[in-house]
Amino acid sequence: MPVRTRRIAVPRAVRWGTFASMIGACAACAALVGCRAAAVRPEGGVASTQAAAVAPVFYPGPPARAHIVAIGPLTGHALAAKPPGKLRRAVTGETTGPALVSELLRPLSLTVRAGQILVVDVGRNAIVQIDPGTGEIRSVALKGMGEFFRPVAIATDGQGDLYVADAQAGRVIAVGSGNTVLRTYRLGDSAPFAPIDLAVSAERLYVVNRAGRRVEIFERDSGRYVGPFANSGPGRSAFPVGVALDGEGNVYVVDMAASRVRVYDPGGVLLRQIGAPGDRPGLLAQPRSVAVGPDGITYVSDAATQIVQMFRPPASLLMYFGGTGGTIGSMTMPAKVITDRTLLQTFASRLPAGFVPQYMIFVANQFGPGRIGVYAFGQVPPAGEEPTAP
Amino acid sequence: MYELIALALNAVLFLGMLYGSVQDHPVVFAAGTGHEGLACTTCHHPHAPLGSRPEWQPGTEELPHFPYYDYQVGMLDDGSRLCLSCHDGAIAPAISMPEHMQITSQIGRSVSEVGRPKYLMGSHPVGVRYDARKAALVRQPGLRAGVEIPLPDGRIQCVSCHDPHGTTGHENLLVVSNRRSELCLTCHQL
């Protein structure tokens with residue numbers, strides 16, 4: 001025999017009253033305890049700024065003197081902001097924000113501008129701006145960009161202008177203050193152009209062109225195409241994927257096919273090579289990105305081995321850090337590595353006591369629990385010596 | 001003496017395998033495969049006998065081998081992780097994101113438990129378990145045991161549908177041609 005159920009009739013007014021009282025209770029509670037659930041959605045993938053302090057990890061480990069300290073993934077929280085409506089998009093041309101960015105999906109590249117860390121997230125197809133001081137995360141809306149903007153790499157120059165590479169559309173754009181597009185860098189119509197990494201000097205813009213398997217040079221301020229860089233002879237890179245500059249204007253090119261980093265002078269003359277194929281210290285398996293510290297130390301990230309190796313000129317291995325293991329310094333398919341001095345003061349309070357930092361290192365991990373790894377380069381003074389201010 | 005014989009046999013076997021693999025697999029990919037111009041070392045990194053001792057990490061112990069692609073992303077095997085290391089949207093075209101990762105982050109679950117992704121975007125989720133019986137029970141598109149496609153640990157990985165060496169000669173490096181949906185019908189019954 002079927003069981004009969006009888007629906008209890010609740011008057012509509014009571015139902016709405018219950019709903020309204022729930023909303024009211026939530027608001028009252030929020031006012032009392034300072035809850036911002038209604039205004040700010042807690043961030044998911046990147047840990048909160050209020051997260052409990054995690055013990056830093058030193059590299060190399062004892063008994064060697066540490067030179068790198070990992071202080072955990074970059075933290076922050078997303079701001080609640082409505083994505084632009086149709087009318088606003090029609091007027092301003094915005095397409096990418098300022099929508100809520102709750103989690104970095106697959107960061108490939110990053111740079112630092114005016115105290116802000118800008119990350120290219122190919123998983124969200126967005127440029128994400130993280131304020132390391134306040135922890136605010138927001139996506140960057142570029143005015144005048146079309147629907148088919150696919151950023152994959154980002155860099156900045158000394159004036160604070162941004163350079164963003166779009167591999168799919170075959171262009172690099174320069175972005176000034178106010179996030180307005182200043183100029184576009186393209187090759188001729190017939191030449192294949194898929195920019196995947198950038199480096200900016202005072203006069204030049206170096207662009208890794210995946211489609212042409214070479215590095216291209218543009219005049220930075222005019223946008224004029226100059227020609228390919230170091231594209232002939234025995235020092236030619238077969239499959240460049242990353243580029244960086246040192247303080248003297250020398251150009252560092254990551255050749256993934258040859259598992260080497262090649263260093264050229266600004267004229268394209270090969271000066272030296274770093275690494276060789278292999279899986280031991282000093283060797284490179286799948287080098288992905290290169291950065292040069294203010295002290296001339298070269299940092300090379302490796303997507304196969306999950307480490308960053310550090311070399312001093314000409315090509316001597318100093319140490320390595322990262323690796324797997326689940327610590328806060330671990331890496332998961334690292335892509336871009338950069339060094340930066342401007343954010344040293346911002347992170348100073350998070351560095352362990354006694355560690356004398358010289359500059360920061362940021363690593364974009366494509367996967368894993370902490371997408372943006374934060375490290376400081378410096379040293380722990382020998383026992384008995386007082387640490388000095390940076 | 002026995003060690004020497006074993007060593008010689010191993011060397012012969014290794015050289016034979018190497019010769020065979022070079023015969024079977026194109027060392028440099030032909031035009032149209034999407035991998036043209038790439039050599040073995042683009043994906044296969046040698047285990048080097050030597051390295052260099054880090055100046056700031058002195059010691060007398062043997063230099064370590066770093067493991068390759070040794071990390072956790074959903075239920076991807078090391079082969080799929082190798083593919084992902086280049087297929088990121090910059091160095092090589094990305095696999096469909098974020099749908100792939102939403103599925104693969106559901107660790108240990110099958111498509112039938114997670115639900116089908118809203119947008120396949122021309123690609124298939126990876127890392128999911130191939131579970132024909134359960135799929136049939138919950139009225140998901142019927143699956144039949146695929147013997148033509150490899151299923152590492154019973155899961156759909158990149159190599160399930162793609163032969164990265166391009167030995168089959170099918171379009172898009174597929175293991176089975178997808179003309180008339182042949183590849184899809186290897187697993188999915190109508």
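Student: What order do the strands take in the open sheet of 4 strands in chain A, and what is the pairing?

Tutor: The order is 16-17-18-19, and the pairing is antiparallel. Strand 16 and strand 19 (270–274) stand at the edges with a single partner strand each, so one side of each has no neighbour in the sheet. On average, neighbouring strands of this sheet are turned by 20 degrees against each other, with direction ignored. Here strands are DSSP runs of E with at least two residues, numbered from the N terminus, and two strands pair if DSSP finds at least two bridges between them. Axes are lines fitted to C-alpha atoms, with angles running from 0 to 180 degrees between N-to-C directions.

Student: And what kind of model is this, and how are residues numbered?

Tutor: Residues are numbered from 1 along each chain as its sequence is written, while chains are lettered from A and ligands numbered from 1 in the order in which they are written. It is a predicted model in which local features need pLDDT of at least 70, side-chain atom pairs count only at pLDDT 80 or more, and totals for chains, interfaces and linings use all residues, with side-chain values taken from heavy atoms and with hydrogens and water left out.

Student: What does chain A average in pLDDT?

Tutor: The average is 82, and 77% of the residues score at least 70; pLDDT is the predictor's confidence in each residue, from 0 to 100. Residues 28–52 of chain A stay under 50, although the model has 33 contacts for them beyond four places in sequence. Residues 97–101 of chain A are also below 50, and that stretch has 21 contacts in the model beyond near neighbours in sequence. A contact means heavy atoms within 4.5 Å.

Student: Back to sheets: how many bridges join strand 18 to strand 19 of chain A?

Tutor: There are 4 bridges between strand 18 (residues 260–264) and strand 19 of chain A, which run antiparallel. Within that pairing, A:Val261 stands opposite A:Ile274 of strand 19.

Student: What about the open sheet of 5 strands, what is its order?

Tutor: That antiparallel sheet of chain A runs 1-2-26-25-24. Its edges are strand 1 and strand 24, each with a single partner strand, so one side of each is left without a neighbour in the sheet. Strand 25 (residues 356–365) and strand 26 (residues 372–379) of chain A share 8 bridges in the antiparallel sense, and A:Pro357 has A:Gly378 in strand 26 as its bridge partner.

Student: Which peptide bond involving A:Pro60 is cis?

Tutor: The bond joining A:Tyr59 and A:Pro60 is cis, with omega about -15 degrees, and A:Pro60 is found in the loop between strand 1 (57–59) and strand 2 (68–73) of chain A. The bond from A:Pro62 to A:Pro63 is cis too, with omega near 10 degrees, and A:Pro63 lies in the loop between strand 1 and strand 2 of chain A. Most peptide bonds are trans, and most residues other than glycine have a negative phi. A:Arg213, not a glycine, has a positive phi of about 50 degrees, and A:Arg213 sits in the loop between strand 13 (204–209) and strand 14 (214–219) of chain A.

Student: Changing topic, how many cavities of 30 Å³ or more turn up?

Tutor: A search of the whole structure finds 2. On a 1 Å grid over the protein atoms alone, a cavity is a set of points where a 1.4 Å probe fits but cannot get out, a pocket is an open set with protein on both sides within 12 Å along at least five of seven lines, and lining residues have an atom within 4 Å of a point. Points are joined across faces, edges and corners, and a volume is the space filled by probe spheres set on them.

Student: What volume and lining does the largest cavity have?

Tutor: Its volume is about 120 Å³, and 14 residues line the largest cavity, with A:Leu108, A:Ile196, A:Asp197, A:Val241 and A:Arg288 nearest its centre. By class that lining has 8 nonpolar, 3 polar and 3 charged residues, where Ala, Val, Leu, Ile, Met, Phe, Trp, Tyr, Cys and Pro count as nonpolar, Asp, Glu, Lys and Arg as charged, and the others, Gly among them, as polar.

Student: Which residues line the second largest cavity?

Tutor: Among them are A:Arg213, A:Phe229 and A:Tyr264; this cavity has a volume of about 60 Å³.

Student: Which strand gives the most to the lining of the second largest pocket?

Tutor: Strand 24 of chain A does, with 5 residues. The second largest pocket has a volume of about 830 Å³ and a lining of 34 residues, of which A:Thr111, A:Thr156, A:Leu245, A:Val292 and A:Thr339 lie nearest its centre.
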